[in-house]
Amino acid sequence: SNPKSYNLNMIEMMCRGNEPQILNMVSVFIEQISKSIDEIEKAYVENDFLKIKNLAHKTKPTLTYFGTAKLEKEFIETELLISNEIISTELEQKIKRLQLMANEVVTELKDDFKLT
């Protein structure tokens, strides 16, 4: 089977195995990551590089907690591109890739935790 796009070891430790608390954190994560990606896309359309940079920076620690290494790496690379403050095909592709990867993680979590 495919490896998971997330790893909840850190969350499970933080919650001391408390299932309802883990479920709550997963739900909040799903909501926050979806909102962040939408805001990043909107900020990109508006050429608001500072906002994209702040959103990416704010989102990274959460990705660490949820063990989404590949998605976290994408955010770091996006942050580096943002620092150039230039609209580019590469940046646009990165943001699309962020969306795809985030959707993959969210879908997987929803399926695994039977969330709608």
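Q: Why does Met-14 count as partly exposed in this predicted model?
A: Its relative accessibility is 40%. Buried means under 20%, exposed means over 50%, and partly exposed lies in between. Met-14 therefore counts as partly exposed.

Q: Where does Met-14 lie, and which residues does Met-14 touch?
A: Met-14 lies in helix α1, residues 9-14. Leaving aside residues up to four places away in sequence, Met-14 touches Met-25 and Tyr-65. Asp-48 is 34 residues from Met-14 along the chain, and their C-alpha atoms are separated by 35 Å.

Q: What makes Leu-55 count as buried?
A: Its relative accessibility is 6%. The cut-off for buried is under 20%. So Leu-55 counts as buried.

Q: Which helix holds Leu-55, and what does Leu-55 touch?
A: Leu-55 sits in helix α3. Not counting residues up to four places away in sequence, Leu-55 touches Ser-36, Glu-39 and Ile-40. Between Leu-55 and Asn-7 there are 22 Å in space, C-alpha to C-alpha, and the two are 48 residues apart in sequence.

Q: Why is α2 called roughly antiparallel to α3?
A: The axes of α2 (residues 19-45) and α3 (residues 49-65) cross at roughly 160°. Angles over 145 degrees count as roughly antiparallel. That crossing angle makes α2 roughly antiparallel to α3. The two axes come within 9 Å.

Q: What is the handedness of the crossing of α2 and α3?
A: The crossing is left-handed.

Q: Which residues of α2 and α3 meet?
A: From α2 come Phe-29, Ile-33, Ser-36, Glu-39, Ile-40, Ala-43 and Tyr-44. They meet Lys-51, Ile-52, Leu-55, Ala-56, Thr-59, Thr-62 and Leu-63 in α3. By class, this contact has 9 nonpolar, 3 polar and 2 charged residues.

Q: How do you know that the reach of α5 is close to the expected value?
A: Helix α5 covers residues 89-112 and has 24 residues. From its first C-alpha to its last, α5 reaches 34 Å. At 1.5 Å a residue, 34 Å is expected. The reach of α5 is close to that value.

Q: Which residues of α5 are buried, and what do they pack against?
A: The buried residues of α5 include Leu-91, Ile-95, Leu-98, Met-101, Ala-102, Val-105 and Leu-109. Also among them are Lys-94, Gln-99 and Glu-108. The buried residues of α5 pack against α2, α3 and α4 (69-82).

Methods: Residues are numbered from 1 along each chain as its sequence is written. This is a predicted model: local features need pLDDT of at least 70, side-chain atom pairs count only at pLDDT 80 or more; totals for chains, interfaces and linings use all residues. Side-chain values use heavy atoms; hydrogens and water are left out. Axes are lines fitted to C-alpha atoms, for helices over the stretch in contact, and angles run from 0 to 180 degrees between N-to-C directions. Helices (H or I, at least four residues) and strands (E, at least two) are DSSP runs, numbered from the N terminus. Angles under 35 degrees count as roughly parallel, over 145 as roughly antiparallel, 65 to 115 as roughly perpendicular and the rest as oblique. A crossing is left-handed if the near helix is turned anticlockwise from the far one by less than a right angle, and right-handed if clockwise. Contact means heavy atoms within 4.5 Å. Ala, Val, Leu, Ile, Met, Phe, Trp, Tyr, Cys and Pro count as nonpolar, Asp, Glu, Lys and Arg as charged, and the others, Gly among them, as polar. The expected span of a helix is 1.5 Å times one less than its number of residues. Buried means under 20% relative accessible area, exposed over 50%, partly exposed in between (1.4 Å probe, protein chains only).
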